[in-house]
Amino acid sequence: MGRYNYSKLLGRLTELGIDREKFADIIGIKRTSLYKRLNSELQFKQEEINKAMLALDIPHIDVLEYFFNKNV
């Protein structure tokens, strides 16, 4: 599995004033699991992505930019 760049996702959280702990709660995972996902140690599950897109008001058409942006 490659590394993903979640800077756009983290920027959206900052825009909305949502810290990482609250974001983990929103998508239904523990904070440590969120950190593993943000460090590309684990992958986000489809259900988590759907919850995040809805909660952060991100159009589903933009899912690639937020969750599948590969580091090169």
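E48 lies in helix α4, where helices (H or I, at least four residues) and strands (E, at least two) are DSSP runs numbered from the N terminus. E48 is buried because its relative accessible area is 6%; buried means under 20% relative accessible area, exposed over 50%, and partly exposed in between, with a 1.4 Å probe and protein chains only. Leaving aside residues up to four places away in sequence, E48 touches I27, I29, R37 and Q43, a contact being heavy atoms within 4.5 Å.

## Basis of the model

This is a predicted model, in which local features need pLDDT of at least 70 and side-chain atom pairs count only at pLDDT 80 or more, while totals for chains, interfaces and linings use all residues. Residues are numbered from 1 along each chain as its sequence is written, and side-chain values use heavy atoms, with hydrogens and water left out.

## Overall fold

The protein has 5 helices and 0 strands, giving the pattern α-α-α-α-α along the sequence. Its C-alpha atoms fill a box of roughly 30 × 25 × 20 Å along the principal axes. The radius of gyration is 11 Å, which agrees with the value near 11 Å for a compact globule of 72 residues; the radius is taken over C-alpha atoms, and the globule rule is 2.2 Å times the number of residues to the power 0.38.

Of the contacts with a separation of 6 or more, 56% are between residues 24 or more positions apart. Buried residues make up 33% of the 72 residues.

## Surface and charge

The protein exposes about 4800 Å², of which carbon and sulfur atoms supply 49%; accessible areas come from the Shrake-Rupley method with a 1.4 Å probe, and for residues only the protein chains shown count as cover.

There are 12 positive and 10 negative side chains, and the centres of the two sets lie 6 Å apart. Lys and Arg count as positive and Asp and Glu as negative, without His and the chain ends; each charge is placed at NZ of Lys, CZ of Arg, CG of Asp or CD of Glu.

S40 sits in the loop between α3 (31–38) and α4 (46–55). At 9% relative accessibility, S40 counts as buried. The side chain of S40 reaches the backbone nitrogen of Y4 at 2.8 Å.

E21 belongs to helix α2 (residues 20–27) and is partly exposed, with a relative accessible area of 45%. E21 and L10 are 11 residues apart in sequence, and their C-alpha atoms are 12 Å apart in space.

Notes. Polar contact = N/O pair within 3.5 Å; in protein donor to acceptor, adjacent residues only side chain to side chain.
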